[in-house]
Structure formats: structure tokens, C-alpha cells
Amino acid sequence: ALLEHLLRVKLAHWERSTRELAARALGVVGKRDRDWTRTTALPFLLDRALSPALETRHGAVVGAAEALLALTPEGGSGNAERRSDGVVDGALAERVVTLVRDVEKARLYRGKGGETMRAATCRFVECLAMSGQPLDRGPGPATGPKSLRSAILASMEESLRHPSSDVRDAATSALGAFAEAYMCGSSPEKGAERLVATLAATAEGDPNPAARRG
């Protein structure tokens, strides 16, 4: 009953801080019933993640993020590139790893609530990485310029340039978790070098103050 109340009521609350608190509560309590979290909560939240109502879609994204953490085995997930399994599989896995792309395609970063949704998707990416869910469960190549990894990385780099410090801070946390999970495979030094070089160039030469801070 408590989980259902968090899922269906509190995650759609009018106040942002209440939705975020409900999401964290779902992540904690959801560990006690991982089957319910996987088969009921996560699909329900993904269905609502593109809702026209800001309160609904924001609550759904942050709730889905914490649900992924609830499904993560105790003791951490390890490097996602070296895992053959994930916390979810099949069609559900594809919906999970393509959520950020779908939010962007729906242009939910624009207009009312765009800043809120950016911070929410950053938290989702952070939890996705911490869960160790492999990105090759989605469509397209596992690596390369057209891969999901590249698309999500580009999204986080864009959020690092955002005027809002809340978004930049969320993107910073997401980028750290993402790099550890998805950029430390067979050649971790090369992956890290490319990312650090890109960020250093932005910090040194970008005329945008928000971008340099990010």
C-alpha cells in the first residue's frame, strides 16, 4: 500500500521537492519488493515519462531513476561495459536506455519545466550508470558516434553548459557515474583522456561563463 501510494499519488504531487522525496522513498522501500519494482513500478513510470503534465513527467523520470537503484544488487554494479546482464532486460531494457533520447525527441527541455526536466534526466542517467545497465540493450551500435552512449554523453555535456547551477550540478554527478560505468572498458585511459580534453578546452576557451563553470 505504501509503495502504491508513492507511485500513484506522491510522484505526481504539485511540489517538486515532494516528488523528489517520494522518488527517493520509492528507491529505498522498493528494494524490499524488487519484483514489484521491476514489473509494476518501472513500466508505469516509463509510460508517464512523456506526459503533457510537468508534475507527472518529472515525477515519473525521477521515480524511474530511483527504481533502477532499487533493482541494483547490493554491493554495487561494477563496470557496465564488462557485464552481460542488467537490472532489466528485453523490451523494458530498451525503454529504459532510450528514455533520455525520447525526452529530447519530445522537446521536453523547452518551455515550462525545461530546467526541471533537464535535472531529472541527469539524475536518471546517474542512476542508470550506477545500476550497471548495459546500453547495448537499446537500438543501434553499442559504441561510435551514433550510439546511445554518444547521445547520452552529448546530452550531459549540454546540461553542463546550462545557466542553472542545479542543472550543472546534476550533470556533473551524472557525468562522473556515466564515465565510470560506460567509458572505462578495454581502454579506459583513452576514454578518460578524450572526455577530459573536451572539458578542459571548454573551461579554457568557451565564452559562455556557465559552460566554463560546468
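I take contact to mean heavy atoms within 4.5 Å. Helices, I note, are DSSP runs (H or I, at least four residues), numbered from the N terminus.

**Ground rules.** I am working with a predicted model, where local features need pLDDT of at least 70, side-chain atom pairs count only at pLDDT 80 or more, and totals for chains, interfaces and linings use all residues. Residues are numbered from 1 along each chain as its sequence is written, and side-chain values use heavy atoms, with hydrogens and water left out.

**Entry 1: H5 and its cover.** I started with H5, residues 90-97. Which residues of H5 are buried? I found Leu 92, Ala 93, Val 96 and Val 97, with buried meaning under 20% relative accessible area (1.4 Å probe, protein chains only). Looking down the axis of H5, I see these buried residues within an arc of 125 degrees, so they line one face of the helix. The arc is taken from the directions from the helix axis to the C-beta atoms. Their cover includes H3, H4 (54-71), H6 (99-105), H7 (114-131) and H8 (148-159).

**Entry 2: H3 against H5.** Next I checked how H3 (residues 34-48) meets H5: the axes come within 11 Å and cross at roughly 40 degrees. Axes here are lines fitted to C-alpha atoms over the stretch in contact, with angles from 0 to 180 degrees between N-to-C directions. That makes H3 oblique to H5; angles under 35 degrees count as roughly parallel, over 145 as roughly antiparallel, 65 to 115 as roughly perpendicular and the rest as oblique. The crossing is left-handed, that is, the near helix is turned anticlockwise from the far one by less than a right angle. From H3 I listed Arg 38, Leu 42, Pro 43, Leu 46 and Asp 47, and from H5 Leu 92, Arg 95 and Val 96. These divide into 5 nonpolar, no polar and 3 charged. Nonpolar covers Ala, Val, Leu, Ile, Met, Phe, Trp, Tyr, Cys and Pro; charged covers Asp, Glu, Lys and Arg; the others, Gly among them, are polar.

**Entry 3: H3 against H4.** I then turned to H4, whose axis comes within 8 Å of that of H3, crossing at roughly 155 degrees. That makes H3 roughly antiparallel to H4, and this crossing is left-handed. Among the H3 residues in contact I noted Arg 38 and Leu 42; H4 brings residues including Gly 59, Ala 60 and Gly 63. The contact divides into 8 nonpolar, 4 polar and 4 charged.

**Entry 4: Arg 107.** Is Arg 107 buried or exposed? Arg 107 is exposed, at 54% relative accessible area (exposed is over 50%). I found Arg 107 in the loop between H6 and H7.

How values were computed
Helix = DSSP H or I, 4+ residues; strand = E, 2+ residues; numbered from the N terminus.
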